[in-house]
Amino acid sequence: MHQLKVTYLDQGWPLMEEGITKLKNILEDRPEPQFNPEEYMLLYTTIYNMCTQKPPNDYSQQLYDKYREAFEEYLIPTVMPSLREKHDEFLLRELVKRWQNHKVMVRWLSRFFYYLDRYFIDRRSLPALREVGLTCFRDLVYQEMKGKARDAVLSLIDQEREGVHIDRALLKNVLDIFIEIGMEKMDHYENDFEKAMLNDTSAYYSRKASIWILEDSCPDYMLKAEECLKREKDRVANYLHSSSEEKLLEKTQHELLYVYATQLLEKEHSGCHALLKNDKVDDLSRMYRLFSKIPRGLDPVSKFFKQHVTAEGSALVIQAEDAAASAANRTENRDVGVRDQFFVRKLIELHDKYMAYVHGCFQNHTLFHKALKDAFEVFCNKSVAGSSSAELLATYCDNLLKKGGTERLSDEAIEDTLEKVVRLLAYIGDKDLFAEFYRKKLARRLLADKSGNDEHERSILTKLKQQCGGQFTSKMEGMVTDLTLAKENQSGFAEYLRYNPNANLRTDFTMTVLTTGFWPTYKSYDLNLPAELVKCVEVFKEFYQTKTKHRKLTYLHSMGTCNVIGRFQQKAIEITLSTSQAAALMLFNNSERLSYHEIRSQLNLGDDDVIRTLHPLSCAKYKILNKEPNTRTISPSDVFEFNSNFTDRMRRIRISMPPLDERKKVVEDVDKDRRYSIDASLVRIMKSRKVLPYQQLVSECVEMLSRMFKPDVKLIKKRIEDLITRDYLERDSENPNTFKYLA
């Protein structure tokens, strides 16, 4: 029977001490060969044997303690003196070298003592060998040297900020010590280095910013700030830990931008206003990039943007007002249309310009979209020389879409411009007013065959529908469809005449059938038509009854036009005029002279319509009728006779009726519609809520209608009173400010 030989501590440990001394010599660069496998195995086996012997010869605890002592006996007498005698960069280099050596020592000793890690440490829940080794360095070296090392690092960072070239790799290695010493935690890096580094950064940039803000223009200051932020980011990439980036940039931004934001943006000759005024796109982009990074930094920038756009738009309105006033003083009203078109064009250009800023400089940020919207709403809802923007936009569209308008553009340019006009419409409060003006002008284009292109007409209706909803365009779409059906109707009528010998007409005759609900309301009167036209109307009526018996035709003579041949002494001239004017001229086929009263009686018209009919024929450019007395106005005592001596260099002339005050009529119609809309809205709200206080009812009504117009609160109040008298609502008996719905 063989008994294993016991290795006692006083026999085994001297062997270990020899190995540890050899390791120290290697670390201190003394002449010493590296460990060979036999030496390594001897040391490992010695530890193994002393740990696996039965008690009392199991020396695991003693060896665990001696492992720690081995580090202490190296760090205290050898490492610390070498560090204490060095300063600044030399200290950092020595610290890095000592840390690297220490990690080597931990690695080798952990291998020699590996058996402790496997069994003894695990069973006793003690710190692992690597942890013990690192803790020794932390407690004996790091704790004493961390302050000096941190200050040396901060000094180098400040030098680098001033443009001095430094050893970044050295800094990276030093900061790795702060990180690694925490053993998977960032506490030491954050508390022993980062906190001081952030304070130092704040102090550095606070000093710099206080000088730059006085010396530099806004663009120059921003260039410096952007460059500083870029360098701080670069610093993180090269030697600081990535977790520092956000905090470091936040400190830099705070000192450079947040503290001086107002001063910087308000700089007199180079601040935000100046950049906008001088179209400094690159500087504005930089301003957005910088100020978007600080809390609520974009609020003042968007405020300046809104003020600037509002001022530019308001200046356009004043310019247009001044142009209108000076033209009125010179009694030059013929340029009104052109002037108004110029104003809308300028609005479109202004919107294009600043929308490009929103997309480009301000990267589509909602704050700037809102600022642009708020600004345009201010001046787009001002009237220009008595015309609302709603009317001006409708007129501009009319000019774009009608044949021979002042805007001569390619099809693509017209499409693009229509898109921009509809975009402007979004800023206008009275969209219903635009709709009514647009509808009136669309009707005139369609009925007079003045529309340049059907595709464009349908295209803008599609755009308006997308912007304002289907209800907004339903009547207009009905009008366009009506005209298509009317053309088919006319073809059918021509066919009917060809195959119906009894319907022999000596006059070319076209009738356009429209649906009452779609079109604007036109003046209707019972004109006595000339016999030639009576026959035409009767034949058309017979034709129409073959198609439908359920529709009633109402004739709008005020919308009709006639071409008549005037046979004058010098030559025959074709005259285009209204139906009532043609009927008036036809009376002179049977009479040489007719008094005002005779004409009025034979035409069956009221005084206003007779005056509007006769004035262009006798008092204007073309005097087809001579009038006694020869004055510029029509009165009931006048007598008229056919002017056979009339002539003109043209073979065809057009005589227009004096225009009615369309604006007044549109505004009246819209006001009437608004009353109905408010009534409907109030009833709809009350029907669903049953009981509501006054303020809430008004605010809900305003919100419901604001897509089409901004309802006047006084008018809402009046409509509520009207609904009470009509028994739709009643006041609450206990609280008169609350209303109830009456089913």
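I looked up Y438 and left aside its neighbours within four places in sequence: Y438 is in contact with A394, C397, L401, R445, E457, I460, L461 and M476. Contact here means heavy atoms within 4.5 Å.

A note on the source: this is a predicted model, in which local features need pLDDT of at least 70, side-chain atom pairs count only at pLDDT 80 or more, and totals for chains, interfaces and linings use all residues. Residues are numbered from 1 along each chain as its sequence is written, and side-chain values use heavy atoms, with hydrogens and water left out.

Next I checked the cores. A nonpolar core is a set of buried Ala, Val, Leu, Ile, Met, Phe, Trp, Tyr and Cys residues joined through side-chain atoms within 4.5 Å. Buried means under 20% relative accessible area, exposed over 50%, and partly exposed in between (1.4 Å probe, protein chains only). The largest core has 91 residues, and F291, F305, F434 and Y438 have the most contacts inside it. Helix α15 (residues 336–359) gives the largest share of this core, nine residues. I also found a second, separate core of 70 residues, which includes W13, Y74, W99 and F113.

Helices (H or I, at least four residues) and strands (E, at least two) are DSSP runs, numbered from the N terminus.

Then I turned to strand β1 (residues 561–567). Its covered face holds C562, V564 and G566. Its uncovered face holds T561, N563, I565 and R567. In a regular strand the side chains alternate between the two faces of the sheet. I followed β1 to its partner, β2 (residues 572–578): the two run antiparallel and are joined by seven bridges. Two strands pair if DSSP finds at least two bridges between them. V564 has I575 in β2 as its bridge partner. A hairpin of four residues joins β1 to β2.

I looked at helix α23 (residues 579–587) too. Is it mostly covered or uncovered? It is mostly covered, with eight of its nine residues buried. Among the buried ones are T579, Q581, L585 and L587.

In the loop between α22 (531–547) and β1 I found L556. L556 counts as partly exposed because its relative accessibility is 33%.

My last stop was D679, in helix α26 (residues 662–689). Why does D679 count as buried? Its relative accessibility is 8%, so D679 counts as buried. Not counting residues up to four places away in sequence, D679 touches R719, D722, L723 and R726.
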